[in-house]
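Below is a short briefing on one structure, for reading alongside the sequence and the coordinates.

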Amino acid sequence: MKKVNHRNSISRILGAALALMLVFSTSAFAQDDAAVAAGKALFNANCAACHKLDSKSTGPALRGVEARLAENEGLDREWLYKWIRNSSALIKSGDPYAVKVFEENKKSQMTAFPTLKNEDIDNILAYTAQLKPTPPKPIVGPDEKTSGGGFSTQVVLIALIVLFGLLALGLFLVNKTLRKFAVANGTLNLEEEVKKPSLWKVFVQNQFLVIVAVIFFMLGAAYFAYGYFMQVGVDQGYQPIQPIHYSHRIHAGDNKIECKYCHSSARVSKHSGIPSLNVCMNCHKNIAQVADEVQQEGITKYGVDYNKEIQKLYNAVGWDPAQQDYVNEPKPVKWIRIHNLPDFVYFNHSQHVSVAGVDCQTCHGEIQEMEIVEQHSPLTMGWCINCHRETDVNFKGNAYYEKIHEQLKDKYGVETFKAAKMGALECGKCHY
Amino acid sequence: MASNKKYWKSVEELNEKSSIVEALRQNEFVEEVPVDEFLGDKETLESSSTSRRDFLKYVGFSTAAATLAACEGPVIKSIPYVVQPEMIIPGVADYYATTIADGYDFASILIKTREGRPIKVENNKEAVTKGSANARVHASVLSLYDSMRVKGPKIDGKDASWETFDAEIGEKLNQISASGKQIVLLTQTFASPSVSKLVGEFKAKYGNVNHVVYDAVSESTALDAFEAKYGERGLADYDFSKAEVIVSVGADFLGDWQGGGYDDGYAKGRIPHGKKHHKKMSRHVQFESNMTLSGANADKRVPLSTADQKVALAKIYAGVTGVSVSGRQLSDYAENAIKSAVGQIKQAGSKAVVVSGINDVDAQSLILALNEVIASEAFDKEAPRKIRQGNDKAVAKLVNDVKSGAVGGIIMAGVNPVYTLANGEEFAQSLKGLDLAVTFTLKEDETALNTKYVAAAPHYLESWGDVEIKKGHYSITQPTIRPLFNTRQFQDALLKWTGNDKAYYEYLKETWAADILGGKSWNQAVHDGVFKTTATVSLAEEASEAMEQADAAAVENEGEELVEAPAVDASAQARKLAGTAQASGMELVLYTKTGMGDGQQANNPWLQEFPDPITRASWDNYLTVSQVDATANNLKNWNVANGGLNGSYAKITVNGVDLQVPVIIQPGQAPGTVGLALGYGKKAGIKKEMQTGVNAYKLYNNFNNVQDVSVEGAGGEHEFACVQLHNTLMGRGDIVRETTLEIFNTYKKDHKKHGWNIPPHVSRDHEMIDATDPKADMWATFDRSIGHHFNLAIDLNACTGCGACVIACHAENNVPVVGKTEVRRSRDMHWLRIDRYYSSADTFEGDVEKKDNMSGLFGDNGSLGGFLEMENPAANPQVAFQPVMCQHCNHAPCETVCPVAATSHGRQGQNHMAYNRCVGTRYCANNCPYKVRRFNWFLYNKNDEFDYYMNDDLGRMVLNPDVVVRSRGVMEKCSMCIQMTQKTILDAKREGRQIKDGEFQTACSAACSSGAMVFGDLNDKSGKVAELHEDDRMYHLLEHVGTKPNVQYHVKVRNTKEA
């Protein structure tokens, strides 16, 4: 689960990586940076939907495409101009390589880009001609990492303990010596001291004190027992490890994907629904790998190889990235359900999400920051009821409520009504 | 001085020499309590290595271990689709229109599916014909999940693959075809144009093929009569809503007569309608022998033996047409009834209709002639029903042919002749001798056990199909779930064996495109489930022509006529009928029960537990005997200490076959007749618990439902599971209020003397005030004028007692099945029951009069004897049905006594029951005046002791995921389908709109096709329920208790006017 003991090392790694990147970008290639930058922008706008630099997507990988074509096929930039502007014409003309590429990519037609000027294409090619940057190696080895963190606090703690131990020993010795002196001097009569009853005996003999103490003890015990039993079956903070590491932080947080894009049934159904895998593939057909920085962050910060997790998704749906097709037997994913309500409770997402307009985060917490989802709320009846007591019914713009709202306003002379006043505390509304 | 009085504890002490007293002086019990029996003998106890201490240790450890283990929460997996089908959203129900056509029940219905599982049957309101489901159709969804279904093809009882199956059968078919022997297709009534076409193609391929349609419960005589008169094999259709006078001679048209489904039309005419004080309703006269649903609903019921019914019918015909017949004299009561009926038919003219269920071609012809004579508007001969096609003579001939060896191979589908034929065992023997015997079946039933090739057939919810329910009225069957098992439709197999590679779906679609749709959209037809056309080309007709040809061929072969040519002259038929002699001995009238029908769904626990509307007994069939005959044969019924009903056995002998059956004394049973239900006594392919009753098909000789029988007492005691202990109303008009149309139209409802809906009075400060007066109330009233206020209105006039609501409630609310012994202990769990009351005088009114006239304790009018007398229903009683469920009292007695506040009131008028809060004190049930609360005495799910559908994974697929399955020790009751009302509200909220009238439904009101149950929001002033609430006929059950229920009843009105 969540590991936090390497917190200090992250900034170092990032720093080192940054340095490395800078070194590469400045010294390795003497190219026109402006051209590369313009090319990158054009590539992302026009090509990236179907092409990746280093791996096959809908279309072939494009890194070093010009050099590759020149070397293997003897085709020049002119051919590329033609191809990019109108590939289908080229295929129809019977150009052997054009036909070959078309066949290899399952006869999917490449969009024609007649508007791209020669220099635009030049820029794109300049961008694709860049060498693949070597992934930044983590500079700090795993051995060094551990030694960094806990050092100071632990040592300080041990030192403090030793110090206090020495202090106590010193005081004890001093006391002993002083006593010896006192006895020797005759200022202290040991026999008298023995006769003094101990504190414990005084306590036991005082019945009032005993009774009060017992009452306090029992109250305390009851308090803790109650607390213990009330949390039985409450799984707040439940954070199981899922078969595929799915990061809500990346999807809902970094990429700001709307919750109900995936959990679409929350709008109309009682279930929020774990999205079916075809929903994942809407995006992940094209996203076989995460950005390198994200990958790096995953490995160092969360110990997760995101690319491998995406691969797990591909395995589950039977997608073969090389062939760009569903070829394998699908294997449904057995997710572990986090939010479990007992059978005797009826909860309907659409009532809360669509009608009341409650944010997902109200019950599920800051899900967009969770790397691994955990149960945020206790999901106890008290928790439900409390919200129903505090929340106003969302009458606004809902024709269903029009008549009822008018009648209520006339009767009670107020505008807003808590859900509790509208029957949201009735047993039968949730238990049937 | 101390008293020397001696106190003695029992009479025994007076006997000084009594050994018992002596023994008791020393011991606590007279005899030594046999402790060894449950403790085992001393020796083993002592020699055991487990000491008491060890035992305690084990107990301690295991308790601790269990406690620790329980601390770990279970890990719940959740598996989404890989590719989610577009129309399926988890948690949202989808509805598909389909059609049941199992050979007995035909109806266009909607199927509710959740996450791809069919879970409930709903009425298809768009359907013009037969859009309503009866109890059996409602229960059919559970038969889909029957764990006893055949799960794949079998050859000689061993599992096989379809490939070997096809190969072997194909080879045999070719052999038989080459040898010139006959191949027979013995099927249920499909009434399917596509099947007819397909069978035609099969015939073309294999030549000597004979298609025989077999209805287990035959309507052959009616079909023959119709065919002779109109040249088409069908059944005349009736629209009872158009009839003002309905005369039925032995036709249980509210039951299963000629395919049933007439109750909605009937009920329409039964609700008093028209201008105030001139309200009209139909008049219904019933002549019958068994007490049927139709008889129970009739305004006048005349119990007659079948022989007498024939005479009565002839006399009615004669009276109406003026032909003279000389029938023997019937009883005065019957003669008067006939005279009156004739008068009323004449008076009503075309607004009258006469129907008959007499199994006789003459009688059926006479009915057709009679309805023609009066030009009855309710009578439809243009578009006859096609849902019965069986031909008794063809079946009888086939049975002989199979025996004689003229038949080479037989392919059966949808039939179970070994069980349903009177000479089934003989047939089973001859089946074994055939070269090829194939049966398409859902179960390994009696026929399958005697057939070499058993083809696993899919349930109708997994199949494609089409049905011509009525001429020109087509319906489509579409699958609502992927086949659960390795099954194949009969039609698909036929296609394969005729060498056609198409799937039946394709074939169906093509047939429809070519012959039926006439250019209309196929998708639309599938969506609607029904398609009406006026196209003249009827495929079924072609098929019946083909059949006729085959018949003709058979006639040539055998020199025997298959369809008896009835005498053409109706008067001659009438005279023939009138000459029917009185039955010499007893008549056995075989009938079908509302719950069981022809017995196809005998393994369906909902139907087994469904109490018969008339006898209120479940899990059984029995001989219904009139009180007179019972006394004569010393047959008895009595209640035992735990409330269970017991009865004696009778031995009945028909044609040398005898059966021992339990007896129920049935008020209204025509003396000289006994009734016995078909469809029970199945043994094969059925769970042990469901093997109930006796097989009456063994007595169904010559497909005649009336047989000569001898009845004698056989000793022994039979334990019934009857849910109603008390049969009569005892003149308590506050339960079922009843009046006659005349009084209803003449007097005000609170008229002093003739008031027919007088609110009860209660005493307040020694003054009588209305029970509905707010002053009579000790509770503060709650303002329910804002928001919804649900009410359920039940019209006792429209309720026919069909019980569809009971099964619909079962399905919707996950009501458990408890089994026969538990039902017997009054622990049935039905949330909705339909009480049936008999009158002890001839009418309920008579009861009231009798009660009012009682004075003193003893004497002729004494209440002591008088009330005892009133407990016995009359020989021919009036009957009333009253559906009772939780009344959702606004001042509910159950709520005030619950120590844990598990039951409480919602502002929408529903009485809530929080199961998880209930601790099971049962105070609420004791305090409920309506006795509608049900207690879970045991755990009814996942419990081997209750091995019904909730005990296997397959059966549990039918459970409604929106309603919790209750556990042991909690109370439950009708929730007024709060899950449905909440859903309606939520849908409206989400869509941002007001709720229209009619949108709110409960399972029972949605299932009620007769309109007897109307559900809605009382605060919707323009709504139907609000209107009904203000109706003069409205009253509440036990109004004087002051519970202010949210269920309204409407006074039952009878049209007692004689001509």
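Predicted model: local features only at pLDDT ≥ 70, side-chain atom pairs only at ≥ 80, totals over all residues.

Chains A and B touch through 44 residues of chain A and 38 residues of chain B. Chain B is divided into four stretches: domain 1 (1-71), domain 2 (235-385), domain 3 (583-722) and domain 4 (889-971).

**Contact between chain A and chain B**

- On the chain A side, two or more residues each come from helix H15 (277-284), strand E3 (335-336), helix H18 (349-355), helix H21 (399-412) and helix H22 (427-430).
- H21(A) supplies the largest share of that side, with seven residues.
- By residue class, the side of chain A that touches chain B holds 20 nonpolar, 16 polar and eight charged residues.
- Strand pairing also links the chains: E3(A) and strand E1 of chain B (residues 77-78) are joined by two bridges in the antiparallel sense.
- Within this pairing, Trp335(A) is opposite Ser78(B) of E1(B).

**Helix pair in chain A**

- Helix H2 (residues 33-47) and helix H7 (residues 118-128) of chain A pack with their axes 7 Å apart and at an angle of about 100 degrees.
- H2(A) is therefore roughly perpendicular to H7(A).
- H2(A) contributes Ala35(A), Val36(A), Ala38(A), Gly39(A), Lys40(A), Leu42(A), Phe43(A) and Cys47(A) to the contact, and these meet Asp120(A), Asn123(A), Ile124(A), Ala126(A) and Tyr127(A) of H7(A).
- Taken over both helices, the contact of H2(A) with H7(A) consists of nine nonpolar, two polar and two charged residues.

**Four-stranded sheet in chain B**

- Chain B has an open sheet of four strands in the order E12-E11-E10-E13, and the pairing is parallel.
- Its edges are strand E12 (300-303) and strand E13 (352-356) of chain B, each of which pairs on one side only.
- On average, neighbouring strands of the sheet are turned by 10 degrees against each other, with direction ignored.
- Strand E11 (residues 283-288) of chain B runs parallel to E12(B) and is joined to E12(B) by four bridges.
- Phe287(B) has Val302(B) in E12(B) as its bridge partner.
- Helix H11 (residues 306-321) of chain B packs on the sheet and touches strand E10 (245-249), E11 and E13 of that chain.
- The direction of H11(B) makes about 145 degrees with that of E10(B).

**Domain 2 against domain 3 in chain B**

- The C-alpha centres of domain 2 and domain 3 of chain B are 27 Å apart.
- Their contact involves 15 residues of domain 2 and 21 residues of domain 3 of chain B.
- Helix H10 (293-297), E12 and H11 of chain B each give at least two residues to the domain 2 side.
- Of the elements on that side, H10(B) gives the most, with three residues.
- The domain 2 side divides into six nonpolar, seven polar and two charged residues.

**An enclosed helix in chain B**

- In helix H26 (residues 804-813) of chain B, 10 of the 10 residues are buried, so this helix is largely enclosed by the rest of the structure.
- The buried residues of H26(B) include His810(B) and Glu812(B) as well as Val806(B) and Ile807(B).
- Asn814(B) follows H26(B) and has a positive phi, near 55 degrees.

Definitions and conventions:
Residues numbered from 1 in each chain as written. Chains lettered and ligands numbered in written order. Contact = placed C-beta atoms within 7 Å. Nonpolar A, V, L, I, M, F, W, Y, C, P; charged D, E, K, R; others polar. Pairing = 2+ DSSP bridges. Buried ≥ 20, exposed ≤ 12 C-beta atoms within 10 Å, placed from the backbone. Axes fitted to C-alpha atoms, helices over the stretch in contact; angles between N-to-C directions. Parallel < 35°, antiparallel > 145°, perpendicular 65-115°, else oblique. Domains from an automatic or database assignment.
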